[in-house]
Amino acid sequence: MEVKIGIQNIGRELVLESTQDADAVAKVVGDAIAKGGELRLKDDKGRLVIVPANVLGYVEIGAEEARRVGFGAL
């Protein structure tokens, strides 16, 4: 699933593909904001993204979709 993270005073957003489901990502984000610590997410390639929770502008959690394979239009 795609996760977009907007950071205060930064023009670009961080975009990563996560293997976690939407509820797990939402819980991690909520915990980070509540504790005032840092948001830690792993992407689908195993890289760790760490963002201080106090600079988060928004976190957009994409819908879970099965990836389509092929060239035909449905």
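Tutor: From the N terminus on, the order of elements in the protein chain is β-β-α-β-β-β, that is, one helix and five strands. Helices (H or I, at least four residues) and strands (E, at least two) are DSSP runs, numbered from the N terminus. This is a predicted model, in which local features need pLDDT of at least 70 and side-chain atom pairs count only at pLDDT 80 or more, while totals for chains, interfaces and linings use all residues. Residues are numbered from 1 along each chain as its sequence is written, and side-chain values use heavy atoms, with hydrogens and water left out.

D43 counts as buried because its relative accessibility is 9%; buried means under 20% relative accessible area, exposed over 50%, and partly exposed in between (1.4 Å probe, protein chains only). In the chain as a whole, buried residues make up 22% of the 74 residues.

Two backbone nitrogens are reached by the D43 side chain: that of K45 at 3.1 Å, and that of R47, which lies 2.7 Å from a polar side-chain atom of D43. A polar contact is a pair of N or O atoms within 3.5 Å; within protein, one must be able to donate a hydrogen and the other to accept it, and residues adjacent in sequence count only if both atoms are side-chain atoms. Leaving aside neighbours within four places in sequence, D43 is in contact (heavy atoms within 4.5 Å) with L16 and E17.
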